[in-house]
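User: I would like to learn how to read a structure like this one. Can we go through its features one by one?

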Amino acid sequence: MRIDVLTLFPEFIHAAAAVGVVGRAQQRGLIEVAAWNPRDFTHDNYRRVDERTFGGGPGMVMSTRPLTDCLAAIRTAVPEPARVIYLTPQGARLTQRRVRELALLPRLALVCGRYEGIDERLIAREIDEEISIGDYVLSGGELGAAVIIDAVGRLQPGALNDADSAAHDSFEDGLLDCPHYTRPEVDAQGDAVPAVLLSGDHAAIARWRRREALGRTWLRRPDLLARMTLSRADRALLDDFRRTWL
Ligand SMILES: O=C(N[C@H]1CCCN(c2cc(-c3ccncc3)n[nH]2)C1)c1cc2ccccc2[nH]1
């Protein structure tokens with residue numbers, strides 16, 4: 001998969017994509033991330049990339065010409081067509097389901113706005129999809145782009161080794177993750193690791209983890225549970241969790 005990012009801060013995108021699972025996936029050739037700066041597509045001495053907004057008001061809008069020229073260069077950089085995504089608070093909320101769909105595409109182009117954003121006509125003409133990573137206004141779209149790069153990059157085949165398999169990740173099956181523990185078995189406050197995790201009984205451990213994931217989702221994100229059709233076994237585990245909780 002190739003991801004092109006239009007951003008005034010390429011160094012941010014390069015840094016975010018160079019570490020961890022995505023950095024490793026890039027080294028393995030599983031994903032390619034390229035950042036493009038619209039400032040490189042300006043033609044004035046001051047390399048201006050912002051303009052006053054029509055109608056007055058405090059903010060500025062990104063200049064359309066550099067954006068259009070930068071996007072044209074992105075589109076023609078490789079033959080594969082790209083799905084062009086604008087990161088904005090006005091976008092559809094990103095979900096793991098959408099991440100899985102995006103991860104199957106051969107190419108994405110992520111447009112990161114700054115200032116008050118981009119001209120609405122440019123959105124209508126050039127943007128295929130608007131995505132939000134949450135209901136808050138940031139300083140720009142780059143953090144949203146980094147989220148998509150990470151979430152999509154780690155789903156590329158071969159990106160994750162067994163130790164950090166995506167299959168056990170939260171949201172992969174619609175549930176929150178179970179609790180995790182490491183040394184010491186009993187900490188300085190006298191709190192012990194759940195005995196089942198030390199039992200070596202892998203079936204019991206799997207049941208415990210599933211029960212905890214179901215229970216946590218019930219407690220913290222009942223909205224996620226409401227969307228799920230639980231198996232008979234899951235319902236029994238959740239009932240067991242509820243009994244000990246209530
Ligand atoms: O919303 C604004 N700027 C956005 C424009 C689009 C790019 N930026 C952005 C993207 C996001 C974002 C992206 C994805 N998910 C959540 C938030 N937050 N902020 C900055 C904005 C800036 C501004 C300045 C003065 C008055 C009003 C204003 N609104």
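User: What does the side chain of Ser199 reach, and at what distance?

Analyst: The model is predicted, so its values are computed from a prediction. In it, the Ser199 side chain reaches the backbone nitrogen of Asp201, at 3.0 Å. Ser199 itself is found in the loop between H6 and helix H7 (residues 202-220).

User: Is Ser199 buried, partly exposed or exposed?

Analyst: Read the relative accessible area. Buried means under 20%, exposed means over 50%, and partly exposed is in between. Ser199 has 44%, so it is partly exposed.

User: Now Asp50. Is it buried or exposed?

Analyst: Apply the same cut-off. Asp50 has a relative accessible area of 14%, so it is buried. Asp50 is found in strand E3, residues 50-52.

User: Which side chain makes a polar contact with the side chain of Asp50?

Analyst: That of Arg48, at 3.1 Å.

User: Which residues is Asp50 in contact with, leaving aside its neighbours within four places in sequence?

Analyst: Met60, Val61, Met62, Ser63 and Tyr115. Keep Tyr115 in mind for the ligand.

User: How many residues surround the ligand, and which are the closest?

Analyst: The ligand is surrounded by 18 residues. Tyr115, Glu116, Ile133, Tyr136 and Leu138 are the closest. By type, the shell divides into 9 nonpolar, 8 polar and 1 charged.

User: Which strands each supply at least two residues of that shell?

Analyst: Strand E5 (83-93) and strand E7 (129-132). E5 gives the most, with 4 residues.

User: Where does the ligand have a nitrogen atom 2.8 Å from a polar backbone atom?

Analyst: Start with Tyr115, where a ligand nitrogen is 2.8 Å from a polar backbone atom. Ile133 also has a polar backbone atom 2.8 Å from a nitrogen of the ligand. For Leu138, the distance from a ligand nitrogen to a polar backbone atom is 2.8 Å as well.

User: How much of the ligand's accessible area does the protein cover?

Analyst: On its own, the ligand has 600 Å² of accessible area, and the protein covers 79% of that.

User: Which residues does Ile149 contact beyond its neighbours within four places in sequence?

Analyst: Ile149 is in contact with Ile3, Val5, Ile13, Ala17, Val22, Val33 and Leu110.

User: How do I read the buried side of a helix?

Analyst: Start from the geometry. An α-helix has 3.6 residues a turn, so residues three or four places apart point the same way. Then list the buried positions. In H2 these are Val21, Val22, Gly23 and Ala25.

User: What covers the buried residues of H2?

Analyst: The cover includes H1 and H6.

User: Which residue just after H2 takes a positive phi?

Analyst: Gly29, with a phi of about 75°.

Technical notes
Residues numbered from 1 in each chain as written. Predicted model: local features only at pLDDT ≥ 70, side-chain atom pairs only at ≥ 80, totals over all residues. Heavy atoms only, no water. Buried < 20%, exposed > 50% of the residue type's maximum accessible area, 1.4 Å probe, protein only. Polar contact = N/O pair within 3.5 Å; in protein donor to acceptor, adjacent residues only side chain to side chain. Contact = heavy atoms within 4.5 Å. Near = heavy atom within 4 Å. Areas by Shrake-Rupley, 256 points an atom, 1.4 Å probe, with all protein chains shown as cover. Nonpolar A, V, L, I, M, F, W, Y, C, P; charged D, E, K, R; others polar.
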